[in-house]
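This briefing covers selected local features of one structure, grouped by topic. Please keep the sequence and the model open while reading.

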There are 2 protein chains.
Amino acid sequence: MQSLQEQSCGNGHSVDENDDYELEKQAINDIVAAFLYYKTYSSKALVYNRLKQIDSLPESHRKQIVQIGTIHKLKAIEKLIDSNYSLFLNIVYQNSIIFEDGILKNDIESSETVYDNIKEISEFFSLRRSKGLPPALPHHLDKLKSILNSFVRDWSDEGARERELTYTPVLQALEDIFSDCPVSNRSSLKVLVPGAGLGRLAFEIASRGFTCQGNEFSYFMLMSSNYILNHCKEKFEINIYPFIHQFSNVLNTEDQLRPVSIPDISPFQSFNNGMNNFSMAGGDFVQVYQDDNEIWDAVVTCFFIDTAKNPVHYLETIYKILKKGGVWINIGPLLWHFEDIPGESSVELTFQELMVLISNVGFSVDIKSIKMDIQSPYSENKKSMLKYIYNTPFFIARKKEVNMDLAAE
Amino acid sequence: MQSLQEQSCGNGHSVDENDDYELEKQAINDIVAAFLYYKTYSSKALVYNRLKQIDSLPESHRKQIVQIGTIHKLKAIEKLIDSNYSLFLNIVYQNSIIFEDGILKNDIESSETVYDNIKEISEFFSLRRSKGLPPALPHHLDKLKSILNSFVRDWSDEGARERELTYTPVLQALEDIFSDCPVSNRSSLKVLVPGAGLGRLAFEIASRGFTCQGNEFSYFMLMSSNYILNHCKEKFEINIYPFIHQFSNVLNTEDQLRPVSIPDISPFQSFNNGMNNFSMAGGDFVQVYQDDNEIWDAVVTCFFIDTAKNPVHYLETIYKILKKGGVWINIGPLLWHFEDIPGESSVELTFQELMVLISNVGFSVDIKSIKMDIQSPYSENKKSMLKYIYNTPFFIARKKEVNMDLAAE
């Protein structure tokens, strides 16, 4: 099996120096820790804490709660945590061989018994304890919930509607813009997708013949996309239970406990059949592509621009790496990721400010391409009583044929 | 001017003992501190931190940001913070006379100069400092944003649509259920609204002739509702700027900086014209009404049930205080307020579990009254690129004429 991912400097750190290398290793260790701690953490947070709370109720209230089946539900959730954990274990094992000095020695297939794995995991946490590290970083455990939701968005039938709303306009635009190029020659066109997440959009672009690279900063996403892209052999071979984590706005227990089958298509089989125009690259977008000069025909950003602390840097990078006349296709709202993170600050632009900036950086926005009426959820739980709907602008911008001298302004 | 609020044990604490009284006083002091610290805090969080971030950008990027008007926007926001602060100052001053041993000595009208107020506020914070207290509790400052949003929901034209979606079905139900009672006799019917927030729904019920009491736990809400109900003499006399706090998902600066005029109607004038069938009561719902036995004709809960840590307690209280045959009208989703609060735990029910529990507690749910198709925002910023839409069930339940023996189960 061919791995199609280029795993390069995943956290955007240089690996030139020993210190950085150690930091990088520690970052990966923390992330592996989160995956491996999922079961312990979720059992406590979702099940035991609630059982304790129910136990602390006045006796007559406790009886009422037992009578409506809540404890039965919590016990069922405990079992489903195991299923999610099994996916996370597989992600860790399938990725451990990628890392130099592998974090874990065995991969799951080469382990002779389940016991080997349990023993190894126990040693992993002993080592962290001996270094004074917590079993996992609390905010990392939230990332695992996001991973489950992202699997739904990118690789399940339930995600089809939001992919239709936000990926299809991008794919259509690419095909329209490059309609002069015969499909058989499309692999000569290079498309970059920064913020590729679990890789579905980039994979769809490659499936249409373009040479496409997804770029992703988060190791959580990179490890998970590697797993779904390169190691899932059959359609719908895995059931995950993303909604057990949500106790609010649930209509009924069946909704909360329902499985989602992934993947809805098997990229593994495409790669096995010789598809070789797709890759993933890890690391911070601005750093990974800092030496690229006018080599990409198109850059596609989908729910990505708002991950910037400094959006000028993103825009200038996109501008720099695009060939003259190259296109930037963007879709997504402006949920600036650093706005509410304590101790962080960022430059959060309005859509209007962003459009002026895009023009000032040297792009020509195709006014006719702008769509303001796309309403889409993101990683939606479609059975939830609460919906988040983004009014997400879409536009196409082109790098002008004549280079502007940015420094001269 | 007649104050129509009964301010009783606002945080649900008993005031029988000195210790509790001191705790209560400290709680009020903390809340007043948040109101008074709003300007300092918001100027830093919204304006200065962002200016600092822009200053730290590479020179060419800083120029780009200046060019698109972002700094101009931040300076404008700084001025609008003053307008919001002026409202919060008024709320504090108009409420300070309510508290025994008034937190602040003067009310704004009796102060001879603005300087008197500034000096007094400075003394207030000196006193907190001398006690080792922070200027304000960080999570309290978020409450002020909620207050601004609640003013939009309850007392502005912008809130009309969501009031129409969630208050109108309740008002209609009350009028239908009690249609046998002539309007002139409606004041004999007692309606309680727990979780009354800024009081609009309770006021609308009273405006239709019912004797209505709103109950609210939060001092932030109680102080703010007292202000809007009893001290705003004219329609639209105040402009607030609730949206300056949101830098994400903004289409343009005008949207972010736009004023909202409140109140859209003046309850003050109704009270002046002799309306005397409306009151507000402060404190925890379960505690405040623990001695009420079958005295209410109707209980109306709107976006309230999910504030419970123990929903059985809420349901049993509603059951106990309703007259035999009395009605409970409920609308709202199940966004269990304690689900994600660290260190807290609660019993979060699905809608299905809730309905079974309601029946087990002794209510008879009117199946025909159940509406599952109401889709409503809550405290919406209607210009935002992100919408939160609740699929919010509505139902009417009736306390059975024959009492059930709960203890016998």
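Leu229(B) is buried, with a relative accessible area of 0%; this residue belongs to helix α9 (residues 219–230) of chain B. The model is a predicted one. Leu229(B) and Ile358(B) are 129 residues apart along the chain, and 34 Å separates their C-alpha atoms.

**Chain A overall**

- Chain A contains 14 helices and twelve strands.
- Of the 409 residues in chain A, 56% are buried.
- When contacts in chain A between residues at least 6 apart in sequence are considered, 77% of them join residues at least 24 apart.

**Helix α14 of chain A**

- Eight of the eleven residues of α14(A) are buried, so this helix is mostly covered.
- The buried residues are Phe351(A), Glu353(A), Leu354(A), Met355(A), Leu357(A), Ile358(A), Asn360(A) and Val361(A).
- Gly362(A) follows α14(A) and has a positive phi, near 125°.

**Helix α2 of chain B and the residues after it**

- In helix α2 (residues 59–67) of chain B, the residues His61(B), Gln64(B) and Ile65(B) are buried.
- These three residues are on the same side of α2(B), because the arc they cover around the axis is only 95°.
- An α-helix has 3.6 residues a turn, so residues three or four places apart point the same way.
- The buried residues of α2(B) are covered by elements of both chains, including α13 (311–321) and α14 (351–361) of chain A and α1 and α3 (70–96) of chain B.
- Thr70(B) is part of helix α3 of chain B, and a relative accessible area of 3% makes Thr70(B) buried.
- Apart from neighbours within four places in sequence, Thr70(B) contacts Leu349(A) and Glu353(A) in chain A, and Ile54(B) and Ile65(B) in chain B.

**Packing of α1 against α5 in chain B**

- Two packed helices are described by the angle between their axes and the distance between the axes.
- Helix α1 (residues 18–55) and helix α5 (residues 138–155) of chain B pack with their axes 9 Å apart, at an angle of about 80°.
- Angles of 65 to 115 degrees count as roughly perpendicular, and α1(B) and α5(B) are therefore roughly perpendicular to each other.
- On the α1(B) side, the contact is made by Asp30(B), Ile31(B), Ala34(B), Phe35(B), Tyr37(B), Tyr38(B) and Tyr41(B).
- On the α5(B) side, the contributing residues are His140(B), Leu141(B), Leu144(B) and Leu148(B).
- By class, the residues of this contact are nine nonpolar, one polar and one charged.

**Salt bridges**

- Over all chains, the whole structure has 36 salt bridges.
- Side chains of opposite charge can pair when their charged atoms come close.
- In chain A, Asp264(A) pairs with Arg163(A), with 3.1 Å between the closest N and O atoms.
- This pair links distant parts of the chain, 101 residues apart: Asp264(A) is in the loop between β5 (260–262) and α11 (267–272), and Arg163(A) is in helix α6 (residues 160–166) of chain A.
- Both partners count as buried, Asp264(A) at 8% relative accessibility and Arg163(A) at 9%.
- In chain B, Glu380(B) forms a salt bridge with Arg161(B), and the closest N and O atoms are 3.4 Å apart.
- Glu380(B) is in the loop between β10 (375–376) and β11 (386–391) of chain B and Arg161(B) is in helix α6 (residues 160–166) of chain B, so this bridge ties together parts 219 residues apart in sequence.
- Glu380(B) is buried, with a relative accessible area of 16%, whereas Arg161(B) is partly exposed at 48%.
- Arg186(B) and Glu175(B) also form a salt bridge through their side chains, at 3.3 Å from N to O.
- Arg186(B) lies in the loop between α7 (168–177) and β2 (190–194) of chain B, eleven residues from Glu175(B) in helix α7.
- Arg186(B) is buried, with a relative accessible area of 8%, and Glu175(B) counts as partly exposed at 25% relative accessibility.
- Arg163(A), Arg200(A), Glu204(A), Arg208(A) and Asp264(A) are joined into one network by salt bridges that share partners.

Terms used:
Residues numbered from 1 in each chain as written. Chains lettered and ligands numbered in written order. Predicted model: local features only at pLDDT ≥ 70, side-chain atom pairs only at ≥ 80, totals over all residues. Heavy atoms only, no water. Axes fitted to C-alpha atoms, helices over the stretch in contact; angles between N-to-C directions. Helix = DSSP H or I, 4+ residues; strand = E, 2+ residues; numbered from the N terminus. Parallel < 35°, antiparallel > 145°, perpendicular 65-115°, else oblique. Contact = heavy atoms within 4.5 Å. Nonpolar A, V, L, I, M, F, W, Y, C, P; charged D, E, K, R; others polar. Salt bridge = Lys/Arg side-chain N within 4 Å of Asp/Glu carboxyl O. Buried < 20%, exposed > 50% of the residue type's maximum accessible area, 1.4 Å probe, protein only. Arc of directions from axis to C-beta.
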